[in-house]
Amino acid sequence: MNNTTGIIIGMTTFLCIGIFHPLVIKAEYYLGRRSCWLFLLGGIAALSISLVVSNDYLSIICGVIGFSSLWGILEVRQQHERVRKGWFPMNPKRKHEYDQDA
(Lines give C-alpha, C1' and ligand atoms only; values in the text may rest on other atoms or scores of the structure.)
Protein backbone atom coordinates (compact mmCIF):
# COMPACT_ATOMS: atom_id res chain seq x y z
CA MET A 1 0.00 0.00 0.00
CA ASN A 2 1.14 3.52 -0.66
CA ASN A 3 0.01 7.11 -0.23
CA THR A 4 -2.76 6.77 -2.84
CA THR A 5 -4.63 4.12 -0.86
CA GLY A 6 -6.89 6.62 0.91
CA ILE A 7 -7.77 8.32 -2.34
CA ILE A 8 -8.58 5.00 -4.01
CA ILE A 9 -10.78 3.89 -1.11
CA GLY A 10 -12.51 7.29 -1.01
CA MET A 11 -13.09 7.31 -4.77
CA THR A 12 -14.42 3.74 -4.69
CA THR A 13 -16.82 4.58 -1.88
CA PHE A 14 -17.97 7.73 -3.65
CA LEU A 15 -18.58 5.81 -6.89
CA CYS A 16 -20.44 3.02 -5.06
CA ILE A 17 -22.77 5.52 -3.44
CA GLY A 18 -23.32 7.18 -6.81
CA ILE A 19 -24.05 3.86 -8.51
CA PHE A 20 -26.16 2.30 -5.78
CA HIS A 21 -28.48 5.31 -5.42
CA PRO A 22 -30.11 4.94 -8.88
CA LEU A 23 -29.76 1.15 -8.65
CA VAL A 24 -31.95 1.09 -5.53
CA ILE A 25 -34.53 3.36 -7.17
CA LYS A 26 -34.72 1.18 -10.30
CA ALA A 27 -34.74 -2.06 -8.31
CA GLU A 28 -37.63 -0.87 -6.15
CA TYR A 29 -39.53 0.38 -9.21
CA TYR A 30 -39.23 -2.86 -11.20
CA LEU A 31 -38.97 -5.52 -8.48
CA GLY A 32 -40.34 -3.90 -5.33
CA ARG A 33 -39.17 -5.04 -1.95
CA ARG A 34 -38.27 -8.44 -3.41
CA SER A 35 -35.10 -6.76 -4.71
CA CYS A 36 -33.76 -6.88 -1.15
CA TRP A 37 -32.80 -10.50 -1.83
CA LEU A 38 -30.64 -9.44 -4.79
CA PHE A 39 -28.85 -6.84 -2.66
CA LEU A 40 -28.35 -9.44 0.09
CA LEU A 41 -26.90 -12.02 -2.29
CA GLY A 42 -24.73 -9.42 -4.02
CA GLY A 43 -23.45 -8.17 -0.67
CA ILE A 44 -22.61 -11.65 0.57
CA ALA A 45 -20.88 -12.49 -2.73
CA ALA A 46 -18.80 -9.30 -2.77
CA LEU A 47 -17.79 -9.69 0.88
CA SER A 48 -16.87 -13.34 0.29
CA ILE A 49 -14.72 -12.35 -2.67
CA SER A 50 -13.05 -9.67 -0.57
CA LEU A 51 -12.01 -12.34 1.93
CA VAL A 52 -10.33 -14.61 -0.61
CA VAL A 53 -8.58 -12.29 -3.07
CA SER A 54 -4.93 -11.61 -2.38
CA ASN A 55 -4.79 -8.11 -3.92
CA ASP A 56 -5.35 -5.49 -1.20
CA TYR A 57 -6.99 -2.97 -3.52
CA LEU A 58 -9.39 -5.51 -5.01
CA SER A 59 -10.24 -6.75 -1.52
CA ILE A 60 -11.02 -3.21 -0.37
CA ILE A 61 -13.13 -2.46 -3.44
CA CYS A 62 -15.09 -5.71 -3.02
CA GLY A 63 -15.63 -4.89 0.65
CA VAL A 64 -16.97 -1.43 -0.17
CA ILE A 65 -19.26 -2.89 -2.85
CA GLY A 66 -20.42 -5.61 -0.44
CA PHE A 67 -21.35 -3.24 2.35
CA SER A 68 -22.94 -0.82 -0.11
CA SER A 69 -25.08 -3.67 -1.37
CA LEU A 70 -26.13 -4.61 2.15
CA TRP A 71 -26.96 -0.96 2.86
CA GLY A 72 -29.11 -1.11 -0.30
CA ILE A 73 -31.50 -3.44 1.55
CA LEU A 74 -32.39 -0.66 3.98
CA GLU A 75 -32.58 1.85 1.14
CA VAL A 76 -35.03 -0.32 -0.84
CA ARG A 77 -37.38 -0.36 2.13
CA GLN A 78 -37.05 3.40 2.55
CA GLN A 79 -37.54 3.91 -1.19
CA HIS A 80 -40.78 1.92 -0.96
CA GLU A 81 -41.99 4.40 1.65
CA ARG A 82 -40.94 7.38 -0.48
CA VAL A 83 -42.91 5.96 -3.41
CA ARG A 84 -45.91 5.33 -1.17
CA LYS A 85 -45.79 8.97 -0.04
CA GLY A 86 -45.72 10.11 -3.67
CA TRP A 87 -42.17 11.45 -3.67
CA PHE A 88 -41.10 9.03 -6.46
CA PRO A 89 -43.08 7.50 -9.32
CA MET A 90 -44.94 4.26 -8.69
CA ASN A 91 -44.79 1.31 -11.04
CA PRO A 92 -48.44 0.97 -12.15
CA LYS A 93 -47.98 -2.80 -12.56
CA ARG A 94 -47.32 -3.09 -8.82
CA LYS A 95 -49.87 -0.58 -7.50
CA HIS A 96 -51.47 -3.29 -5.34
CA GLU A 97 -48.29 -3.55 -3.25
CA TYR A 98 -48.64 0.07 -2.14
CA ASP A 99 -52.38 -0.21 -1.50
CA GLN A 100 -51.72 -2.99 1.04
CA ASP A 101 -49.42 -0.72 3.06
CA ALA A 102 -51.85 2.17 3.46
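User: How many salt bridges does the count come to?
Analyst: Four salt bridges, where a salt bridge is a side-chain nitrogen of Lys or Arg within 4 Å of a carboxyl oxygen of Asp or Glu. This is a predicted model, so local features need pLDDT of at least 70 and side-chain atom pairs count only at pLDDT 80 or more, while totals for chains, interfaces and linings use all residues. Residues are numbered from 1 along each chain as its sequence is written, and side-chain values use heavy atoms, with hydrogens and water left out.

User: OK, which residue forms a salt bridge with Glu28?
Analyst: Arg94, with the closest N and O atoms 3.2 Å apart. That pair links distant parts of the chain, 66 residues apart: Glu28 is in helix H1, and Arg94 is in the loop between H3 and helix H4 (95-101). Helices here are DSSP runs (H or I, at least four residues), numbered from the N terminus.

User: Is Glu28 buried or exposed?
Analyst: Glu28 counts as buried because its relative accessibility is 1%. The cut-offs are under 20% relative accessible area for buried, over 50% for exposed and partly exposed in between (1.4 Å probe, protein chains only). Arg94 is buried too, at 5%.

User: What else is Arg94 linked to?
Analyst: Glu28, Arg94 and Glu97 are linked in a network of salt bridges. The Arg94 to Glu97 bridge has its closest N and O atoms 3.3 Å apart, and Glu97 is buried at 16%.

User: Which side chain makes a polar contact with Glu28?
Analyst: His80, at 3.2 Å. A polar contact is a pair of N or O atoms within 3.5 Å; within protein, one must be able to donate a hydrogen and the other to accept it, and residues adjacent in sequence count only if both atoms are side-chain atoms.

User: Switching topic: which residues make up the largest nonpolar core?
Analyst: Nine residues in all: Cys16, Phe20, Val24, Ala27, Cys36, Phe39, Val64, Ile73 and Val76. Such a core is a set of buried Ala, Val, Leu, Ile, Met, Phe, Trp, Tyr and Cys residues joined through side-chain atoms within 4.5 Å.

User: Which helix gives the most to this core?
Analyst: H1, with four residues. H1, helix H2 (36-52) and helix H3 (56-84) each supply at least two.

User: And what is Phe20 in contact with?
Analyst: Leaving aside neighbours within four places in sequence, Phe20 is in contact with Phe39, Ile65, Ser68 and Ser69, contact meaning heavy atoms within 4.5 Å. Phe20 sits in helix H1 (residues 5-31) and counts as buried at 15% relative accessibility.
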